[in-house]
Amino acid sequence: MSDGRIPRDGLRERFWETVPLKRMTVAEWEALCDGCGKCCLNKLEDEETGEVALTNVACRLLDGDSCLCSQYPIRHQFVPECITLKLQNLDSHMYWMPQSCAYRLLHEGRPLYDWHPLISGDPESVHKAGVSVRGMTVPEFEVDDDEWEDHIIEEPL
Ligand code: SF4
Ligand code: SF4
């Protein structure tokens with residue numbers, strides 16, 4: 001959900017362990033994103049059961065290698081429906097957020113994983129841990145809507 005260089009310098013030390021989500025600065029909030037790219041995959045939602053299935057069909061702006069948005073600051077010009085995750089809407093998005101998403105983990109009172117770049121100090125650690133979507137996506141402009149069911153995947157964890 002962020003650009004190619006998620007800024008993680010100059011933040012309060014281990015703020016994610018001591019500062020509640022509602023008291024984080026904008027920079028701290030943005031730095032929580034681990035860069036996994038999983039929230040940028042299209043989902044299929046069963047209208048009757050509410051079940052959500054993840055696909056490997058990625059938003060047209062996702063860079064499948066870096067797993068980051070290629071136009072993050074101006075993404076709404078191209079993808080107006082892209083969600084801006086905020087404290088106020090976090091709860092309503094929990095049902096589809098990836099299991100390992102840092103926003104989800106903190107919202108649920110759980111710790112971040114050791115592979116989170118905030119902890120490892122290395123943006124590559126999320127990929128090395130195998131929890132990102134690197135190399136597994138296809139862009140949505142290459143897949144017809146009625147073929148998404150053939151692209152359902154399990155969340156990489
Ligand atoms: S799922 Fe969460 S941690 Fe992963 S890219 Fe999206 S917002 Fe960032
Ligand atoms: S525009 Fe697409 S790639 Fe960019 S953050 Fe939104 S869902 Fe992700």
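Helices and strands are here DSSP runs, at least four residues long for a helix (H or I) and at least two for a strand (E), numbered from the N terminus. The exercises below concern a predicted model.

**Exercise 1. Locate V133 in the protein chain and determine whether V133 is buried or exposed.**

Solution. 
- Step 1: position. V133 lies in a loop, with α6 (125–128) on one side and β3 (138–139) on the other.
- Step 2: burial. A residue is buried if 20 or more other C-beta atoms lie within 10 Å of its own. V133 has 24 C-beta neighbours inside 10 Å and therefore counts as buried.
- Step 3: contacts. Once residues up to four places away in sequence are set aside, V133 touches C36, G37, K38, L41, C67 and P156.
- Step 4: a distance. From V133 to D114 the separation is 19 residues in sequence and 18 Å in space, C-alpha to C-alpha.

**Exercise 2. Describe the fold of the protein chain in terms of its elements, and explain why the chain is called as compact as a globular protein of its length.**

Solution. 
- Step 1: count. The protein chain contains six helices and four strands.
- Step 2: order. Read from the N terminus, these elements follow the pattern α-α-β-β-α-α-α-α-β-β.
- Step 3: extent. The C-alpha trace spans about 45 × 30 × 30 Å along its principal axes.
- Step 4: Of the contacts between residues at least 6 apart in sequence, 62% join residues at least 24 apart. Buried residues account for 24% of the 157 residues.

**Exercise 3. Identify the residues with the most contacts inside the largest nonpolar core, and state which element gives the most to this core.**

Solution. 
- Step 1: membership. The largest nonpolar core comprises 24 residues, and L32, C40, A58 and A102 have the most contacts inside it.
- Step 2: elements. At least two residues of this core come from each of β2 (52–58) and α4 (102–107). The greatest contribution is that of α4, with three residues.
- Step 3: one member. Apart from neighbours within four places in sequence, L32 is in contact with W16, A102 and Y103.

**Exercise 4. Characterise the residues around ligand 2.**

Solution. 
- Step 1: a link to Exercise 3.

Conventions
Residues numbered from 1 in each chain as written. Chains lettered and ligands numbered in written order. Predicted model: local features only at pLDDT ≥ 70, side-chain atom pairs only at ≥ 80, totals over all residues. Near = placed C-beta within 6 Å. Nonpolar A, V, L, I, M, F, W, Y, C, P; charged D, E, K, R; others polar. Buried ≥ 20, exposed ≤ 12 C-beta atoms within 10 Å, placed from the backbone. Contact = placed C-beta atoms within 7 Å. Core = buried A, V, L, I, M, F, W, Y, C linked by C-beta atoms within 7 Å.
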